[in-house]
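Please look over the sequence and the structure before reading on.

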Amino acid sequence: MKASNLGYRLGGVLIISVILALLSDAFLSASNLLNVLRQASLIFLLASGVTLVILAAGLDLSIGANVALSACLAATVIKLTGSIALGIVTGLSCGVVIGLVNGVLVTALRLPPFIATYGMLWVLHGITYWYMAGDTIYDFPPTFRALGSGYALGVPVPVYLMLGCLVAGGLFTRYTTYGHQIYAIGANTEVARLSGIPVRSRLNLVYTLSGAMAGLASVVYLARLNSAEADIGEPLMLPAIAAVLIGGTSLFGGIGSLSGTLVGALFLTLVLNGMNLLTIGANWQPLVTGVIVVAAAWVDIVARRRGEG
Amino acid sequence: MMRSIRTRLWAAGLICVSGTACSRGGGGQAADQVALFTKNQTNPYFQSIRLGAESAASQMKAGIVHYVPTKPDSIPEQMSQIEDAIIKQPKAIVFIPVDFKAMVPGVQKLNAASIPVVNLTDRSAGGQFVSFVGCDDERLGLSAGRYLLKHLNGKGNVIIIEGVGGSANSAARVRGFNQAISEFPGVKLVASQPGNFQRLQALQVTENLLQAHAQIDGVLAANDAMALGAIEALDGANRKAAVIGINGTKEAVDAIKAGKLLATVDCNGFEQGCIGVMTAIRHLRKLPVPTEFAFPQPVIDRSNYGDLDMPDAQRSCPMWEELVKG
């Protein structure tokens with residue numbers, strides 16, 4: 001992604017920030033900005049994995065359901081064994097396995113990514129609902145919860161995770177052969193195949209990474225909310241995918257970046273933060289959210305056309 | 001606390017995960033067969049209702065069939081489950097509409113098929129019912145509000161975490177909160193924002209409101225899950241406020257015991273399940289039933305959580321006479 005495009009998007013975030021700073025005294029405080037970063041981190045962790053999938057012209061609709069099952073299993077393991085490490089490993093492995101199966105469905109069975117991961121979404125919902133039977137698992141050790149709600153040097157722990165994933169993911173996509181191959185597959189799968197890129201194995205990799213990020217997000221979710229229920233994933237899926245697209249990654253693959261996704265996640269978080277700070281009424285909030293998202297996308301398109309023309 | 005894996009799996013077996021129904025209860029096909037319609041498999045509240053219903057059915061030697069939409073709160077799915085029930089002809093139906101308005105035509109179909117229906121939990125906007133068994137949401141909000149504001153000695157800043165915008169339950173509970181606030185002139189409502197009945201949203205909304213308001217003394221949440229989300233936000237920000245929820249879930253009771261949650265207002269699912277099914281069976285056996293069942297809806301705090309401090313799977317329904325008197 002060209003730096004200038006990212007500039008336009010960051011511009012959208014800055015415009016909203018300036019408006020909020022003018023309207024609310026509380027907005028520009030350091031603690032609120034850290035608060036926004038922490039809230040954005042959960043969505044970014046999920047969205048970063050999907051970014052890789054979408055860059056390769058795929059799609060992963062199962063991330064929310066993945067978070068729910070991974071969180072419930074991690075919660076069970078922590079409760080049964082008392083081991084935080086085992087719980088984290090469980091959450092991550094569950095995420096990875098689901099991602100790997102998604103990859104196999106797409107590459108070996110040659111299912112369209114939408115169908116494969118949509119089917120996976122329902123399978124995971126089914127397993128989680130059955131397993132939890134309407135139950136809630138809650139109350140975890142403080143050392144584990146610090147992963148979601150703790151601070152290090154005044155900065156929330158999930159923010160470090162977010163920045164870590166951003167840097168690692170940025171280096172991976174920009175400077176490794178794997179990263180370049182993922183872009184190439186997204187730009188034109190046939191050409192990529194003919195030029196000798198192992199398309200199937202790279203696709204397996206991106207789905208697995210997406211699953212792994214959902215597993216990580218599930219651990220952070222669990223640590224932050226101190227509880228796991230079967231239905232926690234559904235409200236996460238669309239915002240995460242929206243963050244990827246608002247961040248400028250093309251749904252058709254080949255174009256986009258993780259830093260764009262960070263901007264998208266910040267954007268969505270700022271909208272909720274702003275509505276709360278300005279206490280916009282409950283019945284208006286969906287309308288306001290929708291209008292801002294559409295307006296931002298439109299401004300972005302206009303700005304890019306100017307830039308190109 | 002968490003049950004063992006084995007109990008968990010056993011409990012999971014109680015619900016039919018497929019779109020069609022499965023039958024349970026001692027009576028089997030020969031006895032009075034009651035069909036129970038609940039909204040989803042995800043909310044612990046409906047699981048409590050199902051367990052209460054099971055207990056009532058076994059107490060009264062009747063059978064029970066569950067209808068639960070695979071997709072939570074799905075209107076078309078509940079509609080087709082009604083059609084399925086009309087073909088299978090249970091003796092009576094205990095019905096929680098997934099949507100109080102949209103399911104009215106479904107209720108009318110049941111009326112046309114002459115199957116007696118008891119309306120449970122959410123009051124349907126139309127159709128004919130033997131009886132309504134459920135909580136009064138506005139009164140829940142009112143008692144929660146009054147309890148919290150009395151605890152604050154009638155002064156301070158409070159916030160409301162609403163449920164889903166546009167939902168009848170949320171709107172009524174929030175009306176109750178606001179009425180309570182209007183009774184205490186020393187209390188200031190600094191914000192009323194939607195948490196969609198979800199823990200994560202309530203957590204983030206509370207975090208945002210803590211940024212905007214330096215002093216928040218009380219949080220009125222329209223359900224327990226959101227109250228607990230608000231508590232996580234307060235903990236994370238190292239701030240203190242009295243928090244009250246609604247529903248009387250086991251998790252809320254544990255939080256009350258731990259001194260984190262001030263109180264919850266009991267609108268207990270388990271007893272609703274008991275009374276709903278008992279009403280249906282009594283109607284079939286030509287025993288008297290009230291057309292409207294008013295729950296006492298007590299506020300549960302440190303002094304009286306005892307009754308609720310037990311997993312629903314281990315509870316059993318009180319006798320009818322005890323419930324009706326209470």
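**Crossing helices**

Angles under 35 degrees count as roughly parallel, over 145 as roughly antiparallel, 65 to 115 as roughly perpendicular, and the rest as oblique. Helix 12 of chain A and helix 7 of chain B are therefore oblique to each other: their axes cross at roughly 55 degrees and come within 9 Å. Axes here are lines fitted to C-alpha atoms, for helices over the stretch in contact, with angles from 0 to 180 degrees between N-to-C directions. The crossing is right-handed, a term for a near helix turned clockwise from the far one by less than a right angle.

Helix 12 of chain A brings Leu272(A), Asn273(A), Asn276(A) and Leu277(A) to this meeting, and helix 7 of chain B brings Gln204(B), Val205(B), Asn208(B), Leu209(B), Gln211(B) and Ala212(B). These residues divide into five nonpolar, five polar and no charged. Ala, Val, Leu, Ile, Met, Phe, Trp, Tyr, Cys and Pro count as nonpolar, Asp, Glu, Lys and Arg as charged, and the others, Gly among them, as polar.

**Basis of the model**

The model is predicted; local features need pLDDT of at least 70, side-chain atom pairs count only at pLDDT 80 or more, and totals for chains, interfaces and linings use all residues. Residues are numbered from 1 along each chain as its sequence is written, while chains are lettered from A and ligands numbered from 1 in the order in which they are written.

**Interface**

In all, 37 residues of chain A are in contact with 39 residues of chain B (contact: C-beta atoms, placed from the backbone, within 7 Å). The side of chain A that touches chain B draws at least two residues from each of several elements, including helix 2 (30–55) and helix 13 (285–308). Its residues divide into 15 nonpolar, 17 polar and five charged.

**Backbone exceptions**

Asn226(A) is not a glycine, yet has a positive phi of about 60 degrees. Asn226(A) sits in the loop between helix 10 and strand 4 (227–228) of chain A, and counts as buried, with 23 C-beta neighbours inside 10 Å. Buried means 20 or more other C-beta atoms within 10 Å, exposed 12 or fewer, and partly exposed in between, with C-beta atoms placed from the backbone.

Thr279(A), also not a glycine, has a positive phi of about 40 degrees. Thr279(A) lies in the loop between helix 12 and helix 13 of chain A and is partly exposed, with 18 other C-beta atoms within 10 Å. Helices (H or I, at least four residues) and strands (E, at least two) are DSSP runs, numbered from the N terminus.

Key
Contact = placed C-beta atoms within 7 Å.
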